[in-house]
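Hello,

Here is the structure you were waiting for. Please open it first, then read my notes below.

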Amino acid sequence: MVNTGGDRRPKYQRIADTLREGIRSGEYGPGDRLPGENDLMVTHGVARMTARQALSVLRDEGVAEARKGAGVFVREFRPLRRRGVQRLAQRQWGNGRSIWSADIENRSLEVDRITVADEAAPDGVAAVLSLADEETVCVRRRRFVLDGKPVLLATSYLPASLVAGTAITQEDTGKGGTYARLAELGCEPVHFREEIRSRMPSKDEASQLSMSAGTPVILVCRTAFTDEGRPVEVNEMTLDAASYILEYDFDA
């Protein structure tokens with residue numbers, strides 16, 4: 001039975017807290033089955049709806065996941081710590097390393113569903129890149145899969161006239177990726193701006209990222225600038241919020 005101790009919050013929230021603490025303490029480890037609705041009803045003396053709501057809280061937070069016909073389990077996937085400052089340092093891509101190498105340590109990363117095409121620029125992108133009327137962009141779309149779990153969708157826009165004939169227009173951009181190739185063109189990125197928002201995913205996003213119901217996405221829009229202040233790339237990213245910790249480490 002949940003001890004209220006004067007806590008006026010709904011019972012389902014207090015039950016969710018108890019389960020969450022059990023996960024943090026190690027009582028329930030990754031992949032373990034959590035008490036089901038019937039168990040929670042007996043243990044805490046609550047109705048089925050209350051027990052269901054408690055489990056839903058953990059699912060919505062990305063802490064647990066439902067498996068059809070089996071119950072609710074502690075999520076096994078370890079969230080990725082996205083180091084927003086270090087990953088974009090020139091010493092990363094300038095030395096031929098992927099910017100992802102600052103984040104993933106020894107974990108397995110796969111990039112799939114890669115498409116590259118010249119397209120008309122969306123109005124917002126055209127404005128940021130200061131494109132002339134009807135000037136096209138090279139659009140790079142891809143999905144990032146970490147330890148078998150899709151975690152991010154990315155769409156990059158670069159001026160087609162700038163990158164034509166380079167490896168940026170190929171699926172494999174080579175060591176150091178797009179930023180290393182821009183540097184070879186004399187357009188080395190030296191400054192980045194990231195704008196971050198959050199919302200619920202579209203049906204397509206939820207499907208592509210294999211997301212649990214109720215989990216939001218984080219939207220990161222990054223613009224890369226040269227030393228002269230010229231914007232050379234806009235990268236629109238959609239992150240599974242339950243798969244990420246956003247870390248920004250900088251001096252005062």
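Start at G26. This residue sits just after α1 and has a positive phi of about 95 degrees. Keep in mind that this is a predicted model.

Now step back into the helix itself. α1 covers residues 11-25, which is 15 residues. From first C-alpha to last, α1 reaches 21 Å. That is close to the 21 Å expected at 1.5 Å a residue.

Which residues of α1 are buried? They are R14, I15, A16, L19, R20, G22 and I23. Note that two arginines, R14 and R20, are in that list.

What do these buried residues pack against? Their partners are two helices, α2 (37-44) and α3 (48-60), plus the strand β2 (71-74).

Now the whole chain:

- Secondary structure: nine helices and 10 strands.
- Extent: the C-alpha trace spans about 70 × 35 × 35 Å along its principal axes.
- Burial: 44% of the 252 residues are buried.
- Surface: the accessible area is about 13,300 Å². Carbon and sulfur atoms account for 47% of that accessible surface.
- Charge: there are 35 positive and 38 negative side chains. The centres of the two sets lie 7 Å apart.

If you look at one place in the viewer, take α1. You can follow its buried residues to α2, α3 and β2, then find G26 with its positive phi just after the helix.

Best wishes

Technical notes: Residues numbered from 1 in each chain as written. Predicted model: local features only at pLDDT ≥ 70, side-chain atom pairs only at ≥ 80, totals over all residues. Heavy atoms only, no water. Helix = DSSP H or I, 4+ residues; strand = E, 2+ residues; numbered from the N terminus. Buried < 20%, exposed > 50% of the residue type's maximum accessible area, 1.4 Å probe, protein only. Areas by Shrake-Rupley, 256 points an atom, 1.4 Å probe, with all protein chains shown as cover. Lys, Arg positive; Asp, Glu negative; His and termini not counted. Charge placed at Lys NZ, Arg CZ, Asp CG, Glu CD. Expected span 1.5 Å × (residues − 1). Contact = heavy atoms within 4.5 Å.
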